[in-house]
Amino acid sequence: MLQGQFDLNGMYKTGDVILGGLFQIHFFSSVAIQSFTSQPQQPTCSGVYALGFKLAQTMAFAIDEINRNSNLLSNVTLGYTLYDSCQELGIGFRAALSLANSQEEKIILNGTCSGNPPVIGIVGDPSSTPSIAISNVLGLYRVPMVSYFATCSCLSDHQKYPSFFRTIPSDAFQVRAMIQILKHFGWTWVGLLVTDDDYGLHAARSFQSELNLSGEACLAYTEVLPWNKDTDELRRIVAVMKKSTARVVIVFEHYSRVINLMEEVNQFWEFAFQCRFAPAPAGWLEGGGALCTGEENLENVDNEFLDVSNLRPEYNVYKAVYALAYSLDDMLRCKPGRGPFSGNSCATLQSLEPWQLLYYLERVNFTAPFGDQVSFDENGDVEPIYDVMNWLWLPDGSTKVQSVGEVKGSGEGEELILDENRIFWNFESKKPPRSVCSESCPPGTHMVREKGKPQCCFDCIPCSEGKITNKSNSLECTSCPEDFWSNPQRDHCVPKKTEFLSYHDPLGICLTATSLLGTFVCAVVLGIFIYHRRTPIVRANNSELSFQLLLSLKLCFLCSLLFIGRPRLWTCQLRHAAFGISFVLCVSCILVKTMVVLAVFKASKPGGGASLKWFGAMQQRGTVLFLTSIQAAICTTWLVSSSPTPHKNTQYHNDKIVYECAVGSTVGFAVLLGYIGMLAVLSFLIAFLVRNLPDSFNEAKLITFSMLIFCAVWVAFVPAYVSSPGKLADAVEVFAILASSFGLLITLFGPKCYIILLRPEMNTKKSIMGRGIES
């Protein structure tokens, strides 16, 4: 027995089977406050929602079309009972209960029908929150509900809502579709407006979660639009939107609430009503323009913004009706004994229960009259697809809504297809707006997150030298490979400049020329001495040792060339060995020369003739060879134990590779130099002791002076070599080799060549033997 009836706005049509429908025919409702002391007053609805009425008419049209189709539900007439929910949870819930229970005291089906029986399925509700509430109750009785607008992802829980289905994709897909659009246009800084109900809050949670997972964008703000027209709160939200640098706003909201918001957004308001808020621009009033009062009625504007018929919600209603009709048709085609119910029975029209229809609805699969394939997955959802719509502003102030693309769901994700040539952008540039918190860091800089701000907000810090921006990860700079360095823009690595004492740079050319000059002079002096080898001055100065000394000086000049050019393994190993052996050979000859002078001086005294037998030609050659072999042994030990090798030195300049020869063993290098120094000092001391011999041509003085120059050059070389970086160290060593070689060449052979070439009268035995003895 009915305990009472609800006063509901509705549309009816009788039939063998009745389908129910819930639609929002009105925007707003007025529900009296309940006192619980008297019967509640019936709510009143206001603000006609044209689209809601169209949707209800769509359901009526679809049922009439099915009734005319002889191939679908033949011999069965569909009827309907449609109620207005007024976008109010309480009213929608009352309407759903009325559909499930009927509002008739008594229903007679046999004979003359009287009244409308309970429905076997409901198309609706359009909103998520009422759908949740209604499904919680009707799901207990397995009454099928097929919604055309409720998108909350929470309704995809088919265990919790076993009788709920929908022909519109869930918010989970809608959210991912929106993120695809954000990604396509490069919008990384967006605002989010949501309605204060299950639809909005679930969408906001899902949207934020997907943003965090994708990392494609950040939220500049999130605002919950008030359910009622709270002007102060709406103005606060509009102020937040205007203050924000985000140029893109994502909205999950009901249509009527968007109108409330738009009434506070004056740019839209002025354009819609062709008026201006005070103060009006100069010349506006004089040109016949009107001032906006704020009282203009948005619902009376002939504007396509309010006509959302092109969004195809009617088609969702159409498919929902056909889904129920095909399920009923499949059920009625069941053959007795082959049915899915107990005892392989089938359902009959006379004893039809809603849960029986639910069984077939879960398995329905049909092609709609417009060619779409319709079926429900295990969550009661259809294959997702969305149209991407664009509002085109027309010169007369109206708008035209047109499709510019679509988003399809697939097993691999969402596929976005856009025809950008059809998109109208309401900007002077006619291009998509930029909506980023921080512009992308230019090449050569990396992102540094601002503390306390979203990840899309950052500063761009230049990369340090030697590092460039990593294209795959702009959060940090990556170091260039060892042989590369960053270019001035820090956007790619370039090969490092190489530095070594080259034959092509001015310093290398000068040293090479000097080395070759010294070698040439040695050859000339040697030629002079060979040509004049029988003259007294050549014979008086131990011609064989002089020839050996000139050859060793020649080697000293040539070994300096090993220090010029890019270091190789063989040049690094040979340069110091050749240098050490050449100079030991040179100094050994000088030392033996000095000792011969000393022996000659002693032999000139009574009883000193025996000293000359220790300094014959064989002894001189043997001494030079012995002293030189010691240096050769030192070089061999050094090369075997810790050989010098080419080395890329980056300590002097980060952006340069200084090619040098690492000595390998500092001890070996020190012993090599020390041995040369020891022989030079010994030669200097002996020459110094005999510097005052009473010869007319005293060789000891020349040797003393040459050794003084030699030691001075190499004493100065050590600190200069240690403190000189890169190629300058090689230049210092070459300079020391050349300076000491020229010093020996000039001091020892200069006076002799002067006499031979310019003062031949002095090159006589009498002049040479004036007070000395021929050696």
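In which helix do tyrosine 315 and tyrosine 318 both lie, and how many residues apart? Both are in helix 9 (residues 313–332), three residues apart, about one turn of the helix. The views below show a predicted model, in which local features need pLDDT of at least 70 and side-chain atom pairs count only at pLDDT 80 or more, while totals for chains, interfaces and linings use all residues. Residues are numbered from 1 along each chain as its sequence is written, and side-chain values use heavy atoms, with hydrogens and water left out.

**View A. Tyrosine 12 and tyrosine 83 form an edge-to-face pair.** A search of the whole structure finds 31 aromatic pairs (rings of Phe, Tyr and Trp, the latter by its six-membered ring, with centres within 6.5 Å; planes under 30 degrees apart are stacked, over 60 edge-to-face, the rest tilted). Here the ring centres are 6.2 Å apart and the planes stand at 80°, so the pair is edge-to-face. Tyrosine 12 belongs to strand 1 (residues 10–13) and tyrosine 83 to strand 5 (residues 78–84), so the pair ties together parts 71 residues apart in sequence. Strands (E, at least two residues) and helices (H or I, at least four) are DSSP runs numbered from the N terminus. Tyrosine 12 is partly exposed at 47% relative accessibility, whereas tyrosine 83 is buried at 6% (buried is under 20% relative accessible area, exposed over 50%, partly exposed in between; 1.4 Å probe, protein chains only).

**View B. Tyrosine 315 and tyrosine 318 form a stacked pair.** Their centres are 6.0 Å apart, with 25° between the planes. Both residues are buried. One aromatic cluster holds Tyr315 and Tyr318 together with Phe61, Tyr322, Tyr326, Phe366 and Phe370.

**View C. Arginine 363 lies over the face of tyrosine 359.** The distance from the ring centre is 3.8 Å. A charge sits over a ring if NZ of Lys or CZ of Arg is within 6 Å of the ring centre and within 35 degrees of the ring normal. The charged end of lysine 752 likewise sits over the ring of phenylalanine 749, 5.8 Å from its centre.

**View D. Threonine 519 is a buried residue of helix 11.** The helix spans residues 506–531, and the relative accessible area of threonine 519 is 11%. Leaving out residues up to four places away in sequence, threonine 519 touches Lys554, Phe557 and Leu558 (contact means heavy atoms within 4.5 Å).
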